[in-house]
Amino acid sequence: MKPVLLTALAALLCCATTLPAATAAGSVRVEVNDPKGAPVADAVASLMPLAAAPELTPPAEPVQISQQDEEFSPYVTAIVVGTRVDFPNRDKVQHHVYSLSKPKRFDIPLYKGESPESVLFDRPGVVTIGCNLHDWMSAHIVVLGTPYFAKSGSDGRASLATVPAGRYRLEVWHPRVAAPVTRELDIAASGTGTQVVSVTLRPDRRIRRAPESGAGGYK
Amino acid sequence: MIPRLHSFGAKLLLLFVLVVAAAQFATWFIVARANHAQARDLIERDLQAAATAFARVVEDRNALLAAGAATVARDPVFISLIAGEQDAATIASMLRSFQLRMAADVALAVGLDGRLLASTHPAAPADEIVRQLVERADQDPSPNPTANGYGYIDGVLYSLVVAPARGPDILAWLVLGFRIDPPFAQRLKEQTSGIDLTFVDDRHHVLATTLAEPAARAVAAASPAAPDRVRELPIGDETALVLTRLLDGGATRHASLALQYSLDEKLRPARATERTLLVVASGSLLVAMLLSRGFARRLSRPIEQLAAHTRVIAAGDYETPLTLRRSDELGRLAEAFRTMTTGLAERDRVRDLLDKNVSPEVATQLLREGAALGGEEREVTILFADLRGFTTLSENLAPRELLTLLNRYLERMSAEIERHGGVIDKFIGDAIMALFGAPVTQSDAASRAIAAALAMEGALAGLNRELGAEGRPPLAIGIGINTARVVAGNIGSHRRLNYSVIGDGVNVAARLQSLTRHPEHATNIIASAATLAAAGAPAGIAPRPLGRVTVKGRAEPVEIFAISPLSGVEV
Ligand SMILES: [Cu+2]
């Protein structure tokens, strides 16, 4: 109950900070599909204003990426530069979280329960995290230089609301794209629009957990 | 179609068929046995090869797992977990990563004391298994000590290997294992030439198999305790050869691998050949039958022809020719047959002539003993008969009429002589010389001669009545009979021989005959005392002594008797 509450609080704070700055705001709905037209979840759509760098207000409380049932949750997390992330361990077994990605390298040795420290993501880019014990554990943190972003749900839709009018570069990223798909677009005040983005996905190379031993065999 | 068995052809056919059938069956039997032996050999070789292949696959996979285990066991996080508080759940969760990396089926962490620290399998293996494994690894003096073996986890058989987790000393042991399961058995089968594998536990339960379930159960049930020999095992309605290998579980439970291949399956191509062989055998049997039948006919037909001709010959037909013409032994036999027929015909002709010229008895003796110039002394009764007054008769008759009359007379006389067992020795003009007791000995020769003489007298009376009816004068006869030892034999030259007797006794008989002309004797028949003595006291006659007469050339006078039938008795 607690982390859910915290995440919701962070999202609220995020919206709260951007809302007053926008005098006239529009919204964009991005639909992410694969070439066959199937919706793509866990894609991060972000709008980078082309005129001037937007002002970023990271949340006061750290964002949480928990470890539960020997998996990271959520699998994809989008944050703005300057956000702190906590890695609480909700399992009975220890984990050993690490990142070797350029925007943020870190290593939290074997631990259980709350992470000993929160990690500050101060540079934009994609950070992939793993666990030194469990090969199948991985997650992605997309660190963005813009407050206008959203993650696609299972329907492939990501809704970006209250985006000030202006010209933006739309960037769609997904763990399995070779390079982010980008395009420029104008957002009118009170305008609404739908951007359909087709992404070509590479094979899913995540390590799958082995089924529990003892199964099979001739009975 | 089926010939009679007592015929030569049937016997030949039977012989042929038996010989060919025996040969064909022997061939078939030898081929079938060779095929069987060869199939067995091939299967045995395949089974041994499969057993070797299995051992190698397990060995290679163990080596691979051992190398992998040695590598992953160096993972610093793993080492720190081992070196730390040894949190079993965390270690187990990390072992799952190792299991994934090595594509193993189970991963265990074992303490230096042989105690199980963690396992990816919810069911723990028997302590004995892991303890033994690490004990053996611990005895390995190499820097990378290892050991492997079979072990059951939750009833499933695994091949397990051990590698050390070092930091830098050996802190614990990492055990990786792979399951001996149906997919593994299936992969192994694909590597061998279709050999079926069944892994059986020490309680005869099937662990893994490539066979259908009932067959696998049959194999498991028959799995022996200490196996290394290829055995025959009926599976379903087929026979399989089974080779069993023990999978050593150390001091814990063993398992075994039964490798098998269907003998019937292997024999299937050979069986097809054997069937073809049977068809060929039947065909050659049929050909042999036809050939032998033809041959038998070629052989038996002339034989039957000869046999038929034999019957013709036996019936006395020498004229019908034997038409058999062949160049082989049968041809020569036919030729000999023809020669024989000619010989028989010749002999018959000779016999015919003999019968006409000499008495049948003499002819028989001639044919039997040959016409030798031999001689023997024997007692013979000689009968001389002469026509009285023949000279006067011959003057009054034409020669032809005379001969006819003479022959008529001789015919009647001869008939009576022969009827009484006498033999006509010769005709001397109108005289007859007959023998009794020669050439065939007769004990009653003398009485036969007397009876013959009386019969001749009677016959002449009959003839005279005929002649009287014809208006001719009657004939008179004189008969002399004497019994004496004479020399009998074939008398004459090589070109012409006569069976006859010579000696005094013959002259005496002739003399007695001539004595009948004397009116004072008043008899037609005169017999010597020797004849009467030889005849004993013949019934029906009345000898009348005529006294003694001197015979020319004989010192002693001969006592003679007139022979006539008892008055009133007609002979
Ligand atoms: Cu982990």
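In chain A, 65% of the contacts (heavy atoms within 4.5 Å) with a separation of 6 or more join residues 24 or more positions apart. The model is predicted, so local features need pLDDT of at least 70 and side-chain atom pairs count only at pLDDT 80 or more, while totals for chains, interfaces and linings use all residues. Residues are numbered from 1 along each chain as its sequence is written, chains are lettered from A in the order in which they are written, and side-chain values use heavy atoms, with hydrogens and water left out.

**View 1. Secondary structure and burial in chain A.** Chain A comprises one helix and 17 strands; helices (H or I, at least four residues) and strands (E, at least two) are DSSP runs, numbered from the N terminus. Of its 219 residues, 43% are buried, that is, under 20% relative accessible area with a 1.4 Å probe, protein chains only.

View 2. Arg202(A) lies in the segment after strand E17 (192-198) of chain A. Its relative accessible area of 41% makes Arg202(A) partly exposed, the class between buried and exposed (over 50%). Beyond its neighbours within four places in sequence, Arg202(A) contacts Pro175(A), Arg176(A), Val177(A) and Ala178(A). A polar atom of the Arg202(A) side chain is 3.5 Å from the backbone oxygen of Val177(A). His174(A) is 28 residues from Arg202(A) in sequence, with a C-alpha to C-alpha distance of 9.9 Å.

**View 3. The interface of chain B and chain A.** Contacts link 29 residues of chain B with 23 residues of chain A. The buried area (accessible area, 1.4 Å probe, that two parts lose on being put together, summed over both) is about 2000 Å², and carbon and sulfur atoms give 53% of this area. Val77(B), Arg96(B) and Leu100(B) supply 25% of the area that chain B buries against chain A, more than any other three residues.

**View 4. Salt bridges between the chains.** Three salt bridges (a side-chain nitrogen of Lys or Arg within 4 Å of a carboxyl oxygen of Asp or Glu) are found across the interface of chain B and chain A. One of them joins the side chains of Arg96(B) and Glu70(A), at 3.5 Å from N to O. On the side of chain B that touches chain A, H3(B) gives the most, with nine residues.

**View 5. Helix H12 of chain B.** Gly471(B), with a positive phi near 85°, follows H12(B).

Methods: A polar contact is a pair of N or O atoms within 3.5 Å; within protein, one must be able to donate a hydrogen and the other to accept it, and residues adjacent in sequence count only if both atoms are side-chain atoms.
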